[in-house]
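Hello,

Here is the structure I promised to pass on to you. My notes follow below it.

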Amino acid sequence: MIAVIQNLKSKLQNGGVTKKRGRLVRHYFFISVFLISGGLITSGLSELYFSYWESTADLARLQQEIAAGAASKIEQFVLEIERTIRGATKSREITDKGLSPEYQFELRRLLVIAPAITEAMAIDSEGIAQVAVSRFKSVLPRGKKIDSALPTLAVAREGKSYFSPVYFHRDSEPYMTIAAPVEQYAGRVIGVLQVQVNLKYVWDLVSKLKVGTGGYAYAVARNGDLIAHPDISLVLQGRNIAHLKQVSAAFQLQPGERPQGTVVSNLHGKQVFSSWTLIPDLGWAVFVEQPVEEVYGPLYASLFRTSGLLLVGLGMALVASLIVARRVVRPLETLRKGVHRIGSGDMSARLEVKTGDEIEVLADEFNKMTKNLRGAYDGLERKVAERTRDLAVANERLQELDRLKSDFVSNVSHELRTPLTAIKGAVDLVLREVTGPLTEKQIHYLTRVRSNTQHLAGLINDLLDLSKIESGKIEVKSSRISLAGLVHEVVETLRPVAAEKQIALEATISAPSILVWADREKITQVMMNLIGNAIKFTPAHGKVTISASRNGTKNVRVSVTDTGPGIAPDEKRKIFDKFYQIAQAGEVKPKGTGLGLAICKALVELHGGTIWVESEPSGGSVFYFTLPATVDGDVGSSASADINVG
């Protein structure tokens with residue numbers, strides 16, 4: 001009990017109090033940081049998330065509206081020219097005279113009406129230019145066959161207008177060809193009116209589009225040729241940008257699918273936010289792009305605001321921690337010091353805490369507890385001292401009783417041994433018919449007397465051995481002995497006993513030259529006990545095997561294996577106890593004192609070895625014990641030990 005109290009004191013003195021000093025401030029600080037920063041971060045991330053998607057959607061919508069407006073104006077520009085051309089094909093000269101030289105006046109009027117038209121030709125159904133006018137050329141191909149008119153004639157014969165891909169005339173500005181069928185009267189196509197249109201108007205329109213501070217717009221044909229761009233040099237170079245991701249995505253858009261704004265690389269490899277609108281009739285697309293830095297500027301500003309608020313929150317958490325340290329931690333430190341003094345054995349310690357709150361109440365309760373603990377401690381030490389004296393007296397009495405019991409058993413055994421030896425000798429003489437012939441009935445009874453005499457002698461020997469072991473008077477005279485020879489002697493001694501039950505008795509030694517350092521007589525007694533028990537509990541026609549092998553470099557392990565009924569797990573711990581015997585269900589308790597295995601355990605441990613059993617019910621048993629293979633420092637040529645078996 002005193003040891004328990006001292007252990008409690010030690011825990012109070014050393015148990016992690018000093019290690020945890022100052023942790024409360026850190027805990028409050030971290031909790032404050034977690035709550036404040038967690039709320040700010042969650043709010044900031046939510047704002048960033050929704051701002052990102054709202055900004056992206058608004059920007060995409062704005063860019064698409066701008067692109068759609070520009071595309072609508074471009075389409076109106078081209079279709080207005082197409083309508084003007086169709087109006088020119090319906091003049092009176094055509095109805096009266098067809099494609100005659102008088103039609104040249106109508107073409108000149110067309111150049112005046114549509115400034116974007118730089119050249120106009122009336123081509124008959126054979127592809128020959130009949131009438132032509134131009135703003136820049138003085139020599140016109142009148143009366144010549146125009147090869148480029150073949151596609152326009154094919155479309156014109158179907159009564160449709162023709163819009164050519166964009167091309168660059170004389171490596172300068174972009175142009176396109178528009179052609180409309182010429183009908184002398186409804187249904188009779190006599191040729192086609194083909195004009196060359198300068199697309200500089202498209203460049204003027206696109207270059208004037210502004211999105212934010214760094215945004216711009218441009219137009220691209222389906223084949224990737226740049227039609228219009230704020231940087232006119234890119235257009236004049238005939239730059240093809242079909243490789244850009246946004247261009248390929250625009251012209252691969254499926255019917256019914258709406259264009260989506262996306263972050264891509266522009267012509268210069270910079271990240272931009274791009275949106276587009278298609279002009280299906282022309283096979284063009286108008287793109288509007290803004291630098292990513294400009295698009296996400298509001299998001300970056302929101303991120304900076306959130307970071308600032310987070311720093312403010314961390315400062316507030318630090319201030320809150322300092323306030324907690326002043327109002328809570330210091331009184332708690334006073335409490336800790338009081339506990340430490342009590343842990344050091346100072347039961348007179350008192351706490352003086354005046355905070356006017358629950359901590360002061362706690363200190364008062366602590367003082368009351370200290371007072372009660374001091375009284376309990378004093379009473380406990382007094383009771384422990386009394387109980388210790390009582391236990392010492394009782395222990396002395398038990399030791400005296402145990403000594404008297406051992407002496408009594410030894411004396412009685414010696415007193416019984418002498419007359420028993422005389423009885424056994426006399427019975428042997430009578431059985432050898434020294435005193436005269438015996439009848440069969442006399443031989444039968446005398447044999448039973450000799451058997452019981454031998455059994456009683458064995459019991460007396462076990463009691464004497466146990467008495468010697470418990471009194472510490474047994475001697476172990478170790479020497480170097482051959483384990484194979486010793487096992488062979490024991491096996492041959494017990495073989496007749498095994499043969500009576502038709503039990504196979506075998507010995508297998510892995511190395512016949514194994515030598516052990518042991519008392520031959522004591523180890524013979526151990527093996528006789530173990531093998532005898534194995535034969536006793538093994539049913540007829542069973543098998544008992546003795547084997548030995550090296551267990552490392554310093555020990556030898558011996559095992560005795562049987563095919564008996566096995567041992568239950570709860571009994572394996574008891575079989576080495578004194579006077580304990582295993583009784584099989586439905587069977588008579590076996591003969592003997594129950595001291596054999598207890599003596600075996602004591603003798604093996606006296607040699608510095610160990611003994612144990614491995615067994616399962618109905619699976620037989622294996623008893624193991626170890627012996628030193630070489631002279632151990634703890635085992636001499638003659639040794640004695642005080643061993644309490646059990």
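A term to start with: a residue is called buried under 20% relative accessible area, exposed over 50%, and partly exposed in between (1.4 Å probe, protein chains only). By that rule R83, at 46% relative accessibility, is partly exposed, and E80 is partly exposed too, with 41%.

This is a predicted model, so local features need pLDDT of at least 70 and side-chain atom pairs count only at pLDDT 80 or more, while totals for chains, interfaces and linings use all residues. Residues are numbered from 1 along each chain as its sequence is written, and side-chain values use heavy atoms, with hydrogens and water left out.

On confidence, pLDDT (the predictor's confidence in each residue, from 0 to 100) averages 77 over the protein, and 79% of the residues score at least 70. Residues 12-19 have pLDDT below 50, and this stretch has nine contacts (heavy atoms within 4.5 Å) beyond near neighbours in sequence.

Now the charged pairs. The structure holds 10 salt bridges, each a side-chain nitrogen of Lys or Arg within 4 Å of a carboxyl oxygen of Asp or Glu. One of them joins E80 and R83, at 2.7 Å from N to O; the two lie three residues apart in helix α2, about one turn. Helices here are DSSP runs (H or I, at least four residues), numbered from the N terminus.

Another links E605 with K601, with the closest N and O atoms 2.8 Å apart. Because these two are four residues apart in helix α15 (residues 596-606), about one helical turn separates them.

Best wishes
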